[in-house]
Amino acid sequence: MNAKIALIPGDGIGPEVVAQAKRVLDKAAEMSGSTFEYAEVYLGGCSIDRFGVPLTDEAVETCKSSDAVLMGSIGGDAKTSPWYRLPPEKRPEAGLLAIRKALNLFANLRPAYLYPELKDACPLKEEIAERGFDLMMVRELTGGLYFGKRYTEDVNGVKNAVDTLSYNEEEIRRVAIRAFDIAQKRRKQVTLVDKANVLDSSRLWRSVVAEVAKDYPDVTLTNMLVDNCAMQLVKDPAQFDVVLTENMFGDILSDEASMISGSIGMLSSASLNDTKFGLYEPSGGSAPDIAGKGIANPIATILSAAMLLRFSLDLDREADAVENAVRQVLADGYRTGDIMSEGCTQVGTAEMGDLILERMG
């Protein structure tokens, strides 16, 4: 097959980890007899430096004309970077929100899996880590509080800030269908996370998701309040299969799920629209403090490339090869600094890429 892939190196460690993921994609193309054409796109701080804005119309069009997008993290140090002296709508993260909206990427998938070899890196109690866990966080990505009307005004001499949380039933239904479809291929359990004891929007979520569940009689639906879910993730993460939630709750809970997996540098993600098109990126940040040192963990970005192969290009065999290679590297005792433990061999970003490529076959 021939495929066009947009590459967004991003900021901080982004270019380093995306470079390793591209090598993996090249190997997958070779294995499958495919041809991948790449187009580099600027987004975030690097786009501000070059064009004065975090996302250009040209960047959006390049992504739209591609079969998939692979992205590194964007942003910088909020305390020191000049990007964060700009108005909020001109900062790096504004570009990220804008591209999600422009590409209609309404479903964010973040798998959280504890590799047996990384049990020592898991911050949970030993008896919890021993049981392991394998969950998929499905987060609605283009609605809710992050995209609602917002403003700050003076009211009788007092500053008043308003952020609007809004959802309609169609926004909820489409991401719920995606979550139930995924659950059917896993352990057939969906946990809807909300704040229905307080929020009208959450009560609408419960109503719509309950309707969707009727079309999936083989999938069990459970409702859970977000504060309880935050506690349960550190108490018994093995209870979860597919976790479905709205934008802000998903943002917070998926980062919590990533950290109990040993390191945020291990967690991939996919953001999908209603076709096979998707944007794939690591769950972690741009880590500007270690940028350029060659020590960043590229595994999350490499696993994101595996998701790209699987969800957008239907290259399941090659995606399996990537994921199995990562497991084998960890089983062989190789670690980057963020997941290093006694008795293992510490390697840098490029060397980790080398090791994974060797094991892809």
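Modeller: Rings of Phe, Tyr and Trp (for Trp, its six-membered ring) pair if their centres lie within 6.5 Å; planes under 30 degrees apart count as stacked, over 60 as edge-to-face and the rest as tilted. By that rule this structure holds four aromatic pairs. Bear in mind that this is a predicted model, where local features need pLDDT of at least 70, side-chain atom pairs count only at pLDDT 80 or more, and totals for chains, interfaces and linings use all residues. Residues are numbered from 1 along each chain as its sequence is written, and side-chain values use heavy atoms, with hydrogens and water left out.

Colleague: Why is the pair of Tyr167 and Trp205 called edge-to-face?

Modeller: The ring centres are 5.3 Å apart and the planes stand at 90°. The cut-offs are within 6.5 Å for a pair and over 60 degrees for edge-to-face, so Tyr167 and Trp205 are an edge-to-face pair.

Colleague: What makes you say the pair links distant parts of the chain?

Modeller: Tyr167 is in the loop between strand S7 (158–163) and helix H6 (169–184), while Trp205 is in helix H7 (residues 200–213), 38 residues apart. Helices (H or I, at least four residues) and strands (E, at least two) are DSSP runs, numbered from the N terminus.

Colleague: Are Tyr167 and Trp205 buried or exposed?

Modeller: Buried means under 20% relative accessible area, exposed over 50%, partly exposed in between (1.4 Å probe, protein chains only). Tyr167 has 10%, so it is buried; Trp205, at 2%, therefore counts as buried too.

Colleague: How do you know that strands S6 and S7 pair?

Modeller: Pairing takes at least two bridges found by DSSP. Six bridges join S6 (residues 150–155) to S7, and the strands run antiparallel. One example is Tyr151, whose bridge partner in S7 is Val162. In this hairpin, with two residues between the strands, Asn156 takes a positive phi near 55°.

Colleague: Why is Ile260 called buried?

Modeller: Its relative accessibility is 4%, so Ile260 counts as buried. You'll find Ile260 in the loop between helix H9 (247–259) and strand S11 (268–272).

Colleague: Which residues does Ile260 touch?

Modeller: Contact means heavy atoms within 4.5 Å. Not counting residues up to four places away in sequence, Ile260 touches several residues, including Leu114, Cys122, Phe133 and Leu233. Ile260 and Cys122 are 138 residues apart in sequence, yet 5.4 Å apart in space, C-alpha to C-alpha.
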